[in-house]
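Good morning, and thank you for joining.

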Amino acid sequence: MTKSIKRRFILAHVLLAVLVSIIVFVPNARRNVSDPLGLFLAICVVELLYLAAVAVGRRKEPMPAGSSDIICLVWLLFISWEVAGPKTAFAHNVLVPSPENVFNVFVEHGPELALNVVSSLQLLLTGFVLGTLLGVILGVVCGWIPRLRAMFYPIANVFAPIPSVVFTPFLVIIMPTYRWAAIMVILIGVFWPQFLSMILRVGSLPPAIVDSARVMKVSTVTMISKIILPYIVPDVLKGLRVSLTTGFLMLMYAESFGAKSGIGYWISNANVFANYANIYAGIITCGATVTVLNYFSAWLQKKFTTWR
C-alpha cells in the first residue's frame with residue numbers, strides 16, 4: 001500500500017471518528033430524534049463493506065484507491081446530514097428527517113422491508129424471465145425467417161423505445177390482479193428490446209454459420225436450438241445487468257398503482273402519509289437491491305462469457 005493510499009485510508013477513519021463523535025457528544029437540537037442504534041449498525045455495515053473492498057482490491061490491483069475515495073465521500077455525507085439535521089436543525093424537520101430516524105426504520109420494520117424486497121424480486125424475476133425467453137425465442141425465429149423479419153422488424157423498431165410504464169394504467173384495468181399488471185409491465189419492457197436485438201443479431205450472423213446450415217440442410221428448429229442459440233446466449237448475458245436494473249426501476253413505478261406489497265408500494269404508501277423517514281429507508285433499500293442485482297449479473301456475465 002503506497003503512502004497516498006495509506007493517507008486516504010487514515011483520512012477515511014478520521015472522518016469516521018468525527019462522525020461518531022458528533023453523534024455521541026454533540027447534543028441534538030431536535031426533539032424527535034430516535035435512538036442511534038440503527039445508525040450505528042448502518043455505519044458498521046458500511047465500514048465492513050469498505051474493509052472488504054480494500055482487501056479484495058489489494059488482491060486485484062496494487063493501488064485500490066477508489067474504495068477509500070468513495071468511503072470518504074460517504075462519511076462526509078453522513079456528517080453533513082447529521083449536522084444539518086438533528087444537531088443544528090438547519091434542514092427541514094419533515095423533508096430531511098434525522099439519520100437516526102431513517103435507519104431506525106430498519107430496526108423497527110426490518111422484517112417488513114425484507115418481505116417487500118422479496119415480493120418485488122418475485123415480480124421482477126417472473127416478468128424478466130418471461131420477457132427474456134419470449135424475446136429471445138420469437139426474435140430468433142423472426143430473425144431467421146426473412147418473411148417474418150420483414151414483417152416484425154418495423155413493428156419492434158416502433159415499440160422497443162416506448163417505456164413500458166406508459167401502459168401501466170391500462171394493464172391495471174386489464175389484468176386480473178395488480179401483481180400480474182406489474183409483471184406485464186416488466187415483461188413488455190424486457191420483451192421488445194430483446195426481441196428487436198435478437199432480430200438484428202440473427203440477421204447479422206456470420207456467413208459461415210448460415211452457409212454451413214444450408215449445406216447440411218438442417219431444419220429451422222435444429223438451426224435455432226443447436227447453432228443460433230448457443231451463439232447468442234453470451235450476448236443475452238452481456239445485457240443482463242442493464243435489463244435487470246431497468247426492470248427493477250419499471251417495477252418500482254408499477255407497484256405504486258394499487259399494489260399491496262413491494263418496495264414501490266412501501267415508498268408510495270409512505271409518501272401518502274408524508275412519512276419521509278420511511279421514504280428514505282425505501283430509497284436506501286432500492287439502492288442496495290439494485291447494487292446486489294448488478295453484482296449478481298456481473299458475476300453471471302463473467303462466469304459464462306469469459307470464453308467469448
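Read from the N terminus on, the elements of the protein chain run α-α-α-α-α-α-α-α-α-α-α-α. The secondary structure thus comprises 12 helices and zero strands, where helices (H or I, at least four residues) and strands (E, at least two) are DSSP runs, numbered from the N terminus.

A word on provenance. This is a predicted model, in which local features need pLDDT of at least 70 and side-chain atom pairs count only at pLDDT 80 or more, while totals for chains, interfaces and linings use all residues. Residues are numbered from 1 along each chain as its sequence is written, and side-chain values use heavy atoms, with hydrogens and water left out.

Now the chain as a whole. Of the 308 residues in the protein chain, 39% are buried, that is, under 20% relative accessible area, against over 50% for exposed and partly exposed in between, with a 1.4 Å probe and protein chains only. The accessible surface comes to about 17000 Å², and 71% of that belongs to carbon and sulfur atoms; these areas come from the Shrake-Rupley method with a 1.4 Å probe. Taking contacts (heavy atoms within 4.5 Å) between residues at least 6 apart in sequence, 78% join residues at least 24 apart.

Let me turn to helix packing. Two packed helices are described by the angle between their axes and the distance between the axes. Axes here are lines fitted to C-alpha atoms, for helices over the stretch in contact, and angles run from 0 to 180 degrees between N-to-C directions.

How do H5 and H7 cross? The axes of helix H5 (residues 146-159) and helix H7 (residues 178-203) come within 9 Å and cross at roughly 140 degrees. That makes H5 oblique to H7; angles under 35 degrees count as roughly parallel, over 145 as roughly antiparallel, 65 to 115 as roughly perpendicular and the rest as oblique. From H5, residues including Phe 152, Tyr 153 and Ile 155 take part, meeting Trp 192, Phe 195, Leu 196, Ile 199 and Leu 200 in H7.

The second pair is H4 and helix H11 (residues 263-272), whose axes come within 8 Å and cross at roughly 130 degrees. H4 and H11 are therefore oblique to each other. Among the residues in contact are His 109 and Glu 112 of H4, and Tyr 265 and Trp 266 of H11.

Finally, Asn 104 lies in helix H4 (residues 99-144). Asn 104 is buried, at 12% relative accessible area, and touches Ser 34, Asp 35 and Gly 38, not counting residues up to four places away in sequence.
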